[in-house]
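Visitor: I have not seen this one before. Can you walk me through it?
Guide: Go ahead and ask as you look.

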Amino acid sequence: MGRLNTDAGIQVFASQAAPAGSAPAGSAPAGSAPPGRKPGTPRRWAALAAYLLAGLALFAAYLRLSQTYSLNSDSANILLMGWDLLHGHLLLHGWFMSDVSFYPTEIPQYALLEALLGLHMSTANVAAAMTYTLVFLLAVLLARTGTTGRAALVRTLIAAGIMLAPQFGLGVFALDLSVGHIGTSVPLLLVWLLLDKMAPRWQVPVLTALLLAWVLVADPIAYVTGLAPLGLVSAAWVIRGLVKGSGSMLQRITGQWYALALGASAVAAAGIAWVVNNVLGDIGGYTVNRLPFYFTPLGELHNDAPATWKVLEIFGANYAGLHGIWLFLAFLHLASVLVVLWALAWVARRFFTVSLVDQVLAAGIVLNVVLYMLTNASDEAAHEVAIIVPFGAALAARLLIRAIRPATAGQAAGDQLTATATATADQAAAAQTASQEVAGESAAGERNASEDRGGEEAAREHWRGVVRRQARRVSFAAGILVLAGYTAGFGYELAQPSAPPANTGLASWLVAHHLSYGLSGYWTSSSVTVDSGQRVKVRALMQYTLEDDLWMSNKSWYDPRLHYANFVVLDSAPGNFSYWEPIGLIQKNFGRPAKTYHTGSYTIMVWHQNLLKDIPKRGPSQIAPGQPTAAKLGSSRPYKPRL
């Protein structure tokens, strides 16, 4: 075979890293303007304007949708972090985050919005709508890469359809309200767009490392959905190049420099993020809570089965317990799940024939779902797998149109193969006739037989083409019907009434009774603080110990030298987001209240003393702040952290 050119491995990997349908290495980039034509054509400006208008329309729709789910203390605490950042506390000193900091991503976004809109719960709706709109647009951009015309339109419809209508209720909470992992998909999609659009150059791995480090500082789930997929895919290409390449081992290695560089960028991103996190801690920055993470024992995996419904929920297809129009919409959204599953199967079957980004998207989806289903993360809400929605939408769009488009090309190739076979048979027969005149009749018979076989093959290929064209028409019509159903369902969701933020009535009552600083449970604390415009400040205590709840809170809130807390709010309403009544611990630590009030499900107990002085001292604990131990719950399984 001869010596291997050291650039061969680069060319092979680059061809896979390039967008589907893009030009090969060495040719003009896909989408570049023809010679003599300026790239800034009116058509491109019109497309950009249409894209921006679509973004504004989507933002308005998702803002309305986010208002159908009640905001709670999670959103309020992020708002308070952004407020502190806006007012000069750049390192968020004294803040204890959740297990995710969001420091370089959502928190600056919230701070900027608060600078424009102020500290209000509704600002969180604006931020959530902005985030999901960005995710939507970036996923569509990634889906369209390398295509134009009708192919680009079909890809847009597929990706947009999958992402259009989050499931009403918890689906809206996971995608269009909570500060969760859906926001992490924004920088990750930017990374995949970078890899998809830029030619293999040394700058690409460097930029990739920096962007991945940025998102990793914000959210450790990037290990699962960003670094690990890129590292595994790069390693697969390196191994393939070393095994199947020719030439010396050094030539094979140098031929895979781009794959090696991308794999190294994932490792470098982890190192950079580790350094940044440690530097932030050393100079007095925020503290991130570390939650236990472990694989579920084999004998208890059946307890993780309900997580399957949450995966369906994130695609709008969780039909459990639904009826009427909601049940119909959930069944309709199963189409999205099936399309994404088909795309994953396509990648698994033809791994080295799809692009680098397709491989990374598929790996990210699989790793996210597998770790969610097989670990203690399965007890968390669906926001833990929110990233698979934009990843799945882009992947399905890219591969479905890739699978359909070659049909006509395959038909043409078949016709060409048939014609070539026929021509070859004619030439062979003519040569045989010229050299062996006595066998003329036999040669003619063979030529006729060859022509008959070629004709039969052409006929079969013709009918295959007819079947493929009909299948495409049926698939397109079915897709339009499903998309119409998604759109109608989305409109039905938007028509639902708005849900007020949690505890708004309590906030008004406390303001009216001139109670300005007090204590309560997590879900009845910061939401009241923001609801009241900080005229009333309520800080969270742990239900089973009454210690300060350092989960998305600031240590200074509990300093008796800075604040005077004289009331406690109990909530008797059932549910994980409301109930908080540790009456025995309250009386043990604070004594009997001077006054007690009742309003709705709330009991407000007032003292003539600073309760912050009597909060129990925090002891060493291996569980998340605010959470009980397994023994206190009477469970044999370790208690899983809250949402």
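Predicted model: local features only at pLDDT ≥ 70, side-chain atom pairs only at ≥ 80, totals over all residues.

Visitor: Which order do the strands take in the open sheet?
Guide: Five strands make up this open sheet, ordered 3-2-5-7-6, with mixed pairing. Strand 3 (537-540) and strand 6 (595-599) are the edge strands, each pairing on one side only. On average, neighbouring strands are turned by 25° against each other, ignoring direction.

Visitor: Which helices pack on the sheet?
Guide: Helix 20, residues 504-512, packs on it and touches strand 3, strand 5, strand 6 and strand 7. The direction of helix 20 makes about 30° with that of strand 7. Helix 22, residues 583-590, also packs on the sheet, touching strand 2 (517-520), strand 5 and strand 7. Its direction makes about 170° with that of strand 5.

Visitor: Back to strands 5 and 7. How many bridges join them?
Guide: Five bridges join strand 5 (residues 567-571) to strand 7 (residues 602-606), and the two run antiparallel. In one of the pairs, Phe 567 has Val 606 of strand 7 as its bridge partner.

Visitor: Different topic. Of contacts between residues at least 6 apart in sequence, what share joins residues at least 24 apart?
Guide: That share is 75% in the protein.

Definitions and conventions:
Residues numbered from 1 in each chain as written. Heavy atoms only, no water. Pairing = 2+ DSSP bridges. Helix = DSSP H or I, 4+ residues; strand = E, 2+ residues; numbered from the N terminus. Axes fitted to C-alpha atoms, helices over the stretch in contact; angles between N-to-C directions. Contact = heavy atoms within 4.5 Å.
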